[in-house]
Each structure stands twice: as structure tokens, then as C-alpha cells.
Amino acid sequence: GGKPALDESPLPRWDLYPNHRAAAGAVQTSRGCPFNCEFCDVIQYVGRKQRHKSNGRVVEELEALKRHGYRRVFVADDNFTVYRRRSKALLSDIADWNRSHGGEMSFHTQVSIDAARDPQMLGLYRSAGFNEVFIGIETPNEESLRETGKVQNTNLDLAGEIGKFLDHGVAVVAGMIVGFDSDDHTIFDRQYEFAMESSVPVFTIGALVAPFSTPLYARLQ
């Protein structure tokens with residue numbers, strides 16, 4: 001019938017993986033995202049209603065990663081900050097666990113820009129050892145953001161919101177896209193100007209594509 005509870009998944013066999021081959025370990029604390037970005041296929045394959053691992057299970061996986069020599073961990077959630085109360089509770093538990101091990105572990109994850117509106121959340125990132133986040137900024141073109149359903153990025157000073165992460169010691173890697181219907185030949189200069197205005201050290205930039213089963217694919221069909 002439905003989607004399985006994440007706590008029922010087995011612990012990854014990190015002992016079978018040669019850890020000298022990996023720059024970071026990984027743990028996924030949730031699956032799903034309630035946002036409706038037209039080009040994204042997350043809701044099609046893992047659902048709009050987010051499911052969560054228990055905090056205790058997350059800590060158990062972190063213990064296993066540390067035991068196998070990892071000191072850098074990618075928290076591989078589709079959107080770590082969807083349910084803020086839950087995210088804050090988990091960050092607090094990770095912070096307590098990390099302090100008990102001398103703060104040896106560092107983390108990075110994927111969040112949405114609206115997390116910048118919550119100073120408590122930003123502080124918890126840093127105290128837990130998160131020093132980098134990936135944010136899908138996509139474009140400085142507001143018309144393109146509205147076109148693709150990324151309304152959480154509209155009516156914002158995007159560079160200013162990114163600065164709030166930096167103020168808390170959290171670096172931002174930004175995902176950018178060109179090729180929306182509302183883009184014209186000026187978008188390349190606008191993307192460049194945004195990059196120079198913001199304090200983002202790394203951008204991932206790609207052309208818009210329409211993965212099968214996304215709303216964008218259906219619209220193009």
C-alpha cells in the first residue's frame with residue numbers, strides 16, 4: 001500500500017564501503033517536499049507529505065558514520081527545513097551529540113530560502129556543526145519564479161536573505177537555472193550580476209529540463 005516508515009529501513013552497511021573513497025558520509029532524515037516547483041520531480045517519486053526518521057535513529061546513523069571514520073556528513077534531505085519545529089528539535093539533538101564528541105563532525109544539507117526568516121533556525125545550524133547549505137535560488141527573474149511555481153523565492157531580496165546564512169557562519173551553494181519561458185537574452189547578464197552581488201562562492205548552473213512525470217513535462221506535452 002503506502003510508503004514505508006523511514007525508521008524501518010536498515011542501517012547502511014558503511015563497513016562494506018571503502019571510506020577513503022568518499023569525501024563525506026550521508027544520512028537522510030526525511031523524504032518529500034510540499035513545495036510545487038514545476039521542474040522538480042521530488043513530489044512525484046517520494047511524495048508531497050514529508051516523512052521523517054526519528055531523532056534517535058538519525059543519531060544512531062551518525063554514530064555509525066563516526067565509528068567508520070567519517071567527519072563530514074551530507075544530510076541528504078530533499079528539503080531539511082520544511083517542518084521547522086521538527087527541524088529545530090533534530091538540530092538540537094545533533095548539536096548535543098556533536099558536542100559530546102568534541103564537535104568533530106561537520107554537516108551540509110539542502111534547504112529553501114525561507115529558512116533565512118528564522119534566526120533561531122540559523123543559530124541551530126551553526127551550533128549543530130552545519131557550515132554549508134545548498135539552496136535552489138534558480139533565477140533573479142521574478143517572472144520566471146512565478147512561472148515555475150517557486151513562489152517561496154518571490155518578493156525577496158535574495159542576496160540579502162543569503163547574507164543571513166553567512167552572518168551565522170553558514171556558507172551557501174546556490175543552484176541556478178536558465179531557459180525559463182520568461183527568460184530572454186538578458187538573463188545571462190542578470191545571472192552574472194546576481195552572482196557578483198551575492199556572497200555565494202559556488203554556483204551550480206544548468207539549462208531548464210523537464211524530467212518525466214514533472215508538472216513541467218505535463219505542461220510541455
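This is a predicted model: local features need pLDDT of at least 70, side-chain atom pairs count only at pLDDT 80 or more; totals for chains, interfaces and linings use all residues.
Local features were considered at pLDDT of at least 70 and side-chain atom pairs only at pLDDT 80 or more, whereas totals for chains, interfaces and linings use all residues. Residues are numbered from 1 along each chain as its sequence is written, and side-chain values use heavy atoms, with hydrogens and water left out.

Helices are DSSP runs of H or I of at least four residues and strands are runs of E of at least two, numbered from the N terminus; axes are lines fitted to C-alpha atoms over the stretch in contact, with angles from 0 to 180 degrees between N-to-C directions. In this contact (heavy atoms within 4.5 Å), Asn55, Val58, Val59, Leu62, Glu63 and Lys66 of α2 meet Ala89, Leu90, Asp93, Ile94 and Trp97 of α3. These residues comprise seven nonpolar, one polar and three charged.

A pocket is an open set of points on a 1 Å grid over the protein atoms alone where a 1.4 Å probe fits, with protein on both sides within 12 Å along at least five of seven lines; lining residues have an atom within 4 Å of a point. Of the 25 lining residues, Cys40, Asp78, Phe134, Glu138 and Lys150 lie nearest the centre of the largest pocket. Strand β6 contributes the most to this lining, with four residues.

Definitions and conventions:
Ala, Val, Leu, Ile, Met, Phe, Trp, Tyr, Cys and Pro count as nonpolar, Asp, Glu, Lys and Arg as charged, and the others, Gly among them, as polar.
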